[in-house]
Amino acid sequence: MAASYSKALALGSVSKGGSPRLAARGISGSMSFRSHMHEALSEARAAASRGEVPVGAVVVGPDGAVLATAGNRTRELNDPTAHAEVLAIRAACAALGAERLPGCDLYVTLEPCPMCAAAISFARIARLYYGAADPKSGGVAQGPRLYSHAQCHHAPEVYDGINAAPSEALLRDFFRERR
Ligand SMILES: [Zn+2]
């Protein structure tokens, strides 16, 4: 099972890079939407290989350039806040020399937890794209539903279910191996 998933994911990653963008251009013009979820999934796979919960995140600038990618590193850093989203936001802010990321998009393979949902709000991320729903620890579409509160001063546009299946498979395989 794990092997077939990783094979499928590996095959999926073969096409990453310029060619999908060029193909998309051919269909719908130069302003077509390009998902960066495959890069987030690649970070999630790398996290799993380090023994971390397989979650990956990517921050994309207003011009479409990738500013930062990160996977969970809570074990490696002995840091309960070292979730993929927080690390990607920190790295993107460092790259831009800015304390906020207005106009930027964040892709993450799993629904953000309340801590990361808050960090995304503080960073003024414009659009949040996430993969699998997280009924256990999610804070966006369930649980605290952070962005629905009056005390939340900035809510990103949220797009869920983006490439959810491979993200769910990674998490399922990861936790199955640890039982
Ligand atoms: Zn989190």
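Reader: Over which residues does pLDDT stay under 50, and how many contacts beyond four places in sequence does the model have there?

Author: pLDDT is the predictor's confidence in each residue, from 0 to 100, and where it is low, the predicted coordinates should not be read in detail. Here pLDDT stays under 50 over residues 1-30, for which the model has 17 contacts beyond four places in sequence, a contact being two residues whose C-beta atoms, placed from the backbone, lie within 7 Å. For the protein the mean pLDDT is 86, and 82% of its residues reach 70 or more. This is a predicted model, in which local features need pLDDT of at least 70 and side-chain atom pairs count only at pLDDT 80 or more, while totals for chains, interfaces and linings use all residues. Residues are numbered from 1 along each chain as its sequence is written.

Reader: How many residues does the largest nonpolar core have, and which of them have the most contacts inside it?

Author: In soluble globular proteins, nonpolar side chains tend to be buried together. A residue is buried if 20 or more other C-beta atoms lie within 10 Å of its own, exposed if 12 or fewer, and partly exposed in between, with C-beta atoms placed from the backbone; a nonpolar core is then a set of buried Ala, Val, Leu, Ile, Met, Phe, Trp, Tyr and Cys residues joined through C-beta atoms within 7 Å. The largest such core has 42 residues, and Ala57, Val59, Ala88, Leu106 and Val108 have the most contacts inside it. Among the elements that each supply at least two residues of this core are α3 (37-49), β1 (56-60), α5 (84-96) and α7 (164-177), where helices (H or I, at least four residues) and strands (E, at least two) are DSSP runs numbered from the N terminus. Not counting residues up to four places away in sequence, Val108 touches Ala40, Val55, Ala57, Ala84, Glu85 and Tyr130.

Reader: What does helix α5 pack against through its buried residues?

Author: A helix can be checked against its expected span, which is 1.5 Å times one less than its number of residues. Helix α5 has 13 residues and reaches 18 Å from its first C-alpha to its last, close to the 18 Å expected. Its buried residues, including Ala84, Glu85, Leu87 and Ala92, pack against α3, β1, β2, β3 and α6. After α5 comes Gly97, whose phi is positive, near 60°.

Reader: Which residues does the UniProt annotation "binding site" cover, and where does UniProt place the feature "active site"?

Author: UniProt positions are given in the numbering used here, feature names are shortened, and annotations may be inferred rather than shown by experiment. In the unreviewed entry, "binding site" covers His83, Cys113 and Cys116; they span 34 residues in sequence, yet no two of their C-alpha atoms are more than 9.1 Å apart, so they gather at one spot. His83, in the loop between α4 (74-77) and α5, is buried, with 26 other C-beta atoms within 10 Å. Cys116 lies in helix α6 and, leaving aside neighbours within four places in sequence, is in contact with His83, Glu85 and Val86. The unreviewed UniProt entry places "active site" at Glu85, a residue of helix α5 that is buried, with 30 other C-beta atoms within 10 Å.

Reader: How far apart are Leu170 and Ala44 in sequence and in space?

Author: Leu170 and Ala44 are 126 residues apart in sequence and 7.8 Å apart in space, C-alpha to C-alpha. Leu170 lies in helix α7 and counts as buried, with 27 C-beta neighbours inside 10 Å.
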